[in-house]
Amino acid sequence: MFFSCNNVNYQINNVELENIKVLNQSVKNEELEILIGPFKNKIKKLEKKIGYSLNSLSVRDGKLESSLGNFIADVLLNESDSLFKSISSKNIDFCLLNKGGIRGTLNQGNITQHDLITIMPFNNTSIVVKLSGLKVLELLQYLNIENIAHPVSGIKIEFENKKIKKVLIQNKKFNLNRAYYVLTSNYLQEGGDKMNFFKDPLEIYSLNTNIREELIKYISKIKNVKSELDNRIVRLK
C-alpha cells in the first residue's frame with residue numbers, strides 16, 4: 001500500500017464572537033479576607049516601632065564577647081532576677097547563653113518586634129539552675145576550650161596561656177566550695193551546644209518567660225538601646 005503526501009489547505013468558514021465585560025475593580029473575596037485578616041493585624045504589629053538603637057549591635061564584633069551578646073545577657077539577668085527572688089528568695093549570680101542562639105544584627109535606628117524575631121527566632125525560655133562550684137569550674141573550662149563569644153552577664157573571666165587566671169562573680173572572687181545560681185535557656189539546660197554541666201543541677205527553676213518577649217518588653221520600656229564591649233571575658237595571651 002502506498003501513500004502520497006499532498007499539501008493541505010485550511011480555510012476558516014465560521015467565526016463566533018463573545019463580548020466579555022472587564023471590570024475596572026476586582027471583586028473582593030470575602031472568605032479570603034476573613035482568612036488573612038488576623039495575619040495582617042499581626043504583621044502590622046510586628047512592624048511597629050518599639051525602640052531605637054543608638055548604635056549597631058552585632059554578635060561578631062568581639063573575640064570572647066560581643067556588643068549584642070552583652071546587651072541580651074544583661075537585659076535577661078536584670079529582668080529575671082526580681083522574678084527569681086520572688087520565687088526562691090535568692091538572687092541570680094550570673095547568666096550564660098549561647099552565641100548560636102543569636103541569628104542577626106541589631107542595626108542602628110528604629111527597632112521593631114520583627115527585628116527581634118530575626119535576631120532570636122527560637123522560642124527559648126528562661127531557666128535558673130543551682131550549680132556546685134565544681135560544675136561552675138566545668139563551665140569555665142568549657143568557655144576556655146570553646147573560645148567563642150558566648151553571651152554572659154554578672155561574671156568576669158580572664159584567661160591566660162589557655163588557663164583560667166581570674167574569675168569574678170558579682171564582683172567577688174569565684175569560690176569552688178560554694179554553689180551558684182545561673183540563668184540560662186531551656187535549650188542549654190538540656191545540654192544544647194554540649195553544655196552538659198547544666199544537666200542534673202542541684203536545683204532547677206523554670207521562670208516560664210520567653211527570652212525574646214523579655215527583650216521586646218524591655219526595649220519597649222526604655223526606648224533607647226545602647227551596648228558596647230567591656231572586657232567581661234578576655235584572653236591575655
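Trainee: In which helix do K217 and E214 both lie, and how many residues apart are they?
Mentor: Keep in mind that this is a predicted model. K217 forms a salt bridge with E214, with the closest N and O atoms 3.1 Å apart. The spacing is about one turn of the helix. So the answer is helix α6, with the two residues 3 apart.

Trainee: What does the D74 and R232 salt bridge tie together?
Mentor: Those side chains meet at 3.0 Å, N to O. D74 sits in helix α2, while R232 is in the loop between β11 and β12 (233–235). The pair therefore ties together parts that are 158 residues apart in sequence.

Trainee: Which residues do salt bridges that share partners join into one network?
Mentor: The rule gives 8 salt bridges in total, and one of them pairs D74 with R232. D74 is partly exposed at 24%, whereas R232 is buried at 8%. Shared partners make one network of D74, D230 and R232.

Trainee: Which element gives the most residues to the largest nonpolar core?
Mentor: That core has 31 residues, and F71, I72 and V128 have the most contacts inside it. Among the elements supplying at least two residues each are α3 (113–119), β9 (180–185) and β10 (203–210). The top contributor, with 8 residues, is α2.

Trainee: Where is K223, one of the residues in the positive surface patch, found?
Mentor: K223 forms that patch with K45, K48 and K49. K223 is partly exposed, at 45%. Its place is the loop between α6 (211–222) and β11 (224–225).

How values were computed:
Residues are numbered from 1 along each chain as its sequence is written. This is a predicted model: local features need pLDDT of at least 70, side-chain atom pairs count only at pLDDT 80 or more; totals for chains, interfaces and linings use all residues. Side-chain values use heavy atoms; hydrogens and water are left out. Patches are made of residues with over 30% relative accessible area and no salt bridge: like charges are joined within 9 Å, nonpolar side chains (Val, Leu, Ile, Met, Phe, Trp, Tyr) within 5 Å. Accessible areas come from the Shrake-Rupley method with a 1.4 Å probe; for residues, only the protein chains shown count as cover. A salt bridge is a side-chain nitrogen of Lys or Arg within 4 Å of a carboxyl oxygen of Asp or Glu. Lys and Arg count as positive and Asp and Glu as negative; His and the chain ends are not counted. The place of a charge is taken as NZ of Lys, CZ of Arg, CG of Asp or CD of Glu. Helices (H or I, at least four residues) and strands (E, at least two) are DSSP runs, numbered from the N terminus. Buried means under 20% relative accessible area, exposed over 50%, partly exposed in between (1.4 Å probe, protein chains only). A nonpolar core is a set of buried Ala, Val, Leu, Ile, Met, Phe, Trp, Tyr and Cys residues joined through side-chain atoms within 4.5 Å.
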